[in-house]
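Hi everyone, thanks for making time this morning. I'd like to walk you through one protein chain, from the overall picture down to a few individual side chains. Here it is on the screen.

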Amino acid sequence: MSGGIQRTPGRGWRFRLFFLLATVLLGTVSCAVPVAGGLDEVEANRIVAALDRAGIEATKDRDPTVEGKFVITVIRDEAQRAIVTMQSEELPRPRAPGILDAIDKGALVPSAAQEQAELVAGTAGDLERTLEAVDGVLTARVHLNVPPSDPLSGGPPPKTTASVLLEHRGTTPPLTEASVTRVVAGGVRGLLPADVAVVMIARPALPHVSGKDMGHVGPIAVAHASLHLLQVALGALVALVGALGIATLVLFSRVRRLGAEMAEMEGREGGGA
C-alpha cells in the first residue's frame, strides 16, 4: 500500500518552479532591442527626440561595449519602425572631423601644404557640426576654398570662398541663408559673407504621431507609449496564472496523498480487527 502513495515535490522542485517563473518574467521584460549604439550624448538625445516625434518610446542607456558612449533601445515590435524613422532623419549622423581630428600627429615635420589642408578640413568639420546642431537640419556640408597665402608674390591675397549644402526637414528652413553665411564667414578668417554660396534642400516633413495613436498586443489596442508596460503586465499575468496552476496541482497532489494515507490506516485497522 505504501508503494502507491504519491510524495509531495521537494524543495529542489520548488526552486525549479521559481526559476521557471523568473525566466518567463525576464523574457517578457527584456523584449527591448538596441537600434543604435556607440553614440555621443548629443547624437543620442537627437535620436530619442526624433523617435519620440514618431510616437516611438526609446530609452537612452550607457553603451556597455564603448566607454563614454550611449545606446538607444526600443521594444522589439517597434524596432523596424524606429530604424525607418532614423533613416528618414539621416540618423545617426556621421561625425565630421574637427581641427584637432584633422591634424596628423604622426608626421614629425608636416609640410606647410599639409598643415593648410588639415586646418581647412578641420574648420569645415567644425562648421558642419555647428549647423547640424540646429533643430531641423538633417545634414550640412561645408566646402572651403582657402588658397595658401604667398607673401613673396607681392600681389593682393587670393580670395577665400565657401559653399554650403544644407538639407532640412520641412518646407521652411530652420535657418535663413543670411544666418548660414554669417556663421560660415565668421568661422574663416578673410571670408566675406558675400563670398559664401548657400544651397538648401527641403525634405518632406514626417507626420507627428501623437500619443493617441494606438499599437496592438493581440486583440488589445493601446497607446504606443504604454505598449511596453502592457506587454510586461501581460507577461506577469501569464506567469501568475501559471504559478496558480502549479500550486493547484501541488495542492491536489497533497490531497490525494492524504486520502491514500487515510485509506491505508483504515485498512490496517480493519485487518487488525
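Predicted model: local features only at pLDDT ≥ 70, side-chain atom pairs only at ≥ 80, totals over all residues.

Let's start with the inventory: the protein chain has seven helices and eight strands. Residues are numbered from 1 along each chain as its sequence is written, and side-chain values use heavy atoms, with hydrogens and water left out.

Now some totals. The protein chain has 273 residues, and 31% of them are buried. Buried here means under 20% relative accessible area, exposed means over 50%, and partly exposed is in between, with a 1.4 Å probe and protein chains only.

Let's go inside. Which residues touch the most other members of the largest nonpolar core? They are Leu131, Val142, Leu144, Val164, Val180, Val184 and Val196, out of 19 residues in that core. At least two core residues come from each of α5 (112-132), β4 (137-145), β5 (161-169), α6 (177-186) and β6 (196-203). A nonpolar core, for the record, is a set of buried Ala, Val, Leu, Ile, Met, Phe, Trp, Tyr and Cys residues joined through side-chain atoms within 4.5 Å. Val142 shows what this looks like up close: beyond its neighbours within four places in sequence, Val142 contacts Ala124, Leu127, Glu128, Leu131, Ser163, Val164 and Val184. Apart from this core lies another one of 18 residues, including Val33, Ala50, Ile56 and Ala58.

Ala82 sits in helix α3 (residues 79-88) and is buried, at 0% relative accessibility. Not counting residues up to four places away in sequence, Ala82 touches Val35, Leu51, Ile56 and Val74.

Back to α5 for a moment. The buried residues of α5 include Val120, Ala124, Leu127 and Leu131, and also Glu118, Glu128 and Glu132. If you like spacing patterns, an α-helix has 3.6 residues a turn, so residues three or four places apart point the same way.

That brings us to charges. How many salt bridges does a search of the whole structure find? The search finds eight, counting a side-chain nitrogen of Lys or Arg within 4 Å of a carboxyl oxygen of Asp or Glu.

First on my list, Glu132 pairs with Arg141 at 3.6 Å, N to O. Glu132 is buried, with 10% relative accessible area, while Arg141 is partly exposed at 32%.

Next, Lys159 pairs with Asp195, with the closest N and O atoms 3.8 Å apart. Lys159 is in the loop between β4 and β5, and Asp195 is in the loop between α6 and β6, so this pair ties together parts that are 36 residues apart in sequence. Lys159 is exposed at 55%, whereas Asp195 is buried at 18%.

Then there is Arg203 with Glu167, whose closest N and O atoms are 2.8 Å apart. Arg203 is partly exposed at 33%, and Glu167 is buried at 11%.

Let me finish on the outside. Leu237, Leu240, Val241 and Leu244 make a nonpolar surface patch with about 390 Å² of accessible area together. Patches are built from residues with over 30% relative accessible area and no salt bridge, joining like charges within 9 Å and nonpolar side chains (Val, Leu, Ile, Met, Phe, Trp, Tyr) within 5 Å. One of the four, Leu240, lies in helix α7 (residues 227-272) and is partly exposed, at 47% relative accessibility.

Technical notes. Areas by Shrake-Rupley, 256 points an atom, 1.4 Å probe, with all protein chains shown as cover. Contact = heavy atoms within 4.5 Å.
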